[in-house]
Amino acid sequence: MKNKKTLRLVILFLVLCLTLGTLIVYDNFKIDVTEYAIESVDLPKNFDGFKIVQISDLHNAEFGKNNKKLIDDIKDAKPDVIIFTGDMIDGNRTDIDVTVNFAQKVTQIAPTYFVTGNHEAGIYGQY
């Protein structure tokens, strides 16, 4: 009886580990889109309909070959400006080419701005 109980606990533990692992991996390789509409009488009229695409924490991930899926999603959003807010690269598995190629393509869509994250800062000795 004790062996069956132990086996059930081990199986339950493995199922939980596999489920959590799958969720973590899936969450790291999906694109999240969150839209906010900001209304303020203090904003100039020029900003009516102004659209900002903010990209963060890619960590060298690719969404489709050469990030085609992500680039297509950005194009579809028709942004007025694109802002990279850090961690485009991963300090543990740096593949600068992935990020550079992505940035080159994205800058053709709209004006693009970049600030470093902790992974960029760590690689370039800013920590």
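User: Is Phe50 buried, partly exposed or exposed?
Analyst: Phe50 is partly exposed, because its relative accessible area is 35%. Keep in mind that this is a predicted model.

User: Which ring does Phe50 pair with?
Analyst: Phe50 forms an aromatic pair with Phe47. The geometry is edge-to-face, with 5.0 Å centre to centre and 70 degrees between the planes. Phe47 is also partly exposed, at a relative accessible area of 39%.

User: What surface patch do Phe47 and Phe50 belong to?
Analyst: They belong to a nonpolar surface patch of about 670 Å². Tyr36, Ile38, Leu43 and Ile52 are part of that patch too.

User: Where does Ile38 sit, and how exposed is Ile38?
Analyst: Ile38 lies in the loop between helix 1, residues 2-28, and strand 1, residues 52-55. Its relative accessibility is 67%, so Ile38 counts as exposed.

User: Stepping back, what's the overall layout of the protein?
Analyst: There are four helices and three strands. From the N terminus on, the order is α-β-α-β-α-β-α.

User: Are Phe84 and Phe114 buried or partly exposed?
Analyst: Phe84 counts as buried, because its relative accessibility is 5%. Phe114 counts as partly exposed, at 43%.

User: Which residues make up the ring cluster?
Analyst: Phe84, Phe102 and Phe114 are linked into a cluster by ring pairs. Phe102 is one of the buried residues of helix 3, which spans residues 96-106.

User: Which other residues in helix 3 are buried?
Analyst: Val98, Thr99 and Val106 are buried along with Phe102. These residues cover an arc of only 90 degrees around the axis, so they are on the same side of helix 3.

User: What covers that side?
Analyst: The cover for the buried residues of helix 3 includes strand 1, helix 2 (68-77), strand 2 (81-85) and strand 3 (112-115).

User: And helix 2, which residues are buried there?
Analyst: Leu70, Ile71 and Ile74 are buried in helix 2. They cover an arc of only 100 degrees around the axis, which puts them on the same side of the helix. Their cover includes strand 1, strand 2 and helix 3. On the other side of helix 2, Lys68 and Asp76 are exposed.

User: Which residue does Lys68 form a salt bridge with?
Analyst: The side chain of Lys68 meets that of Asp72 in a salt bridge, at 2.7 Å from N to O. Both residues lie in helix 2, four residues apart, about one turn of the helix. Asp72 is partly exposed, with a relative accessible area of 26%.

User: How many salt bridges are there by this rule?
Analyst: The count comes to two. Besides the Asp72 and Lys68 bridge, Lys69 and Asp73 meet at 3.1 Å, N to O. Lys69 and Asp73 are separated by about one helical turn, because they are four residues apart in helix 2. Lys69 is partly exposed at 46% relative accessible area, and Asp73 is partly exposed at 26%.

User: Last one, Asn67. Where is Asn67, and is it buried or exposed?
Analyst: Asn67 is in the loop between strand 1 and helix 2. Asn67 counts as buried, because its relative accessibility is 1%. Leaving aside neighbours within four places in sequence, Asn67 is in contact with Ala61, Glu62, Val98 and Phe102.

Technical notes
Residues numbered from 1 in each chain as written. Predicted model: local features only at pLDDT ≥ 70, side-chain atom pairs only at ≥ 80, totals over all residues. Heavy atoms only, no water. Patch = residues over 30% accessible without salt bridge, like charges linked within 9 Å, V, L, I, M, F, W, Y side chains within 5 Å. Areas by Shrake-Rupley, 256 points an atom, 1.4 Å probe, with all protein chains shown as cover. Salt bridge = Lys/Arg side-chain N within 4 Å of Asp/Glu carboxyl O. Helix = DSSP H or I, 4+ residues; strand = E, 2+ residues; numbered from the N terminus. Buried < 20%, exposed > 50% of the residue type's maximum accessible area, 1.4 Å probe, protein only. Arc of directions from axis to C-beta. Contact = heavy atoms within 4.5 Å. Phe/Tyr/Trp six-rings, centres within 6.5 Å; stacked < 30°, edge-to-face > 60°.
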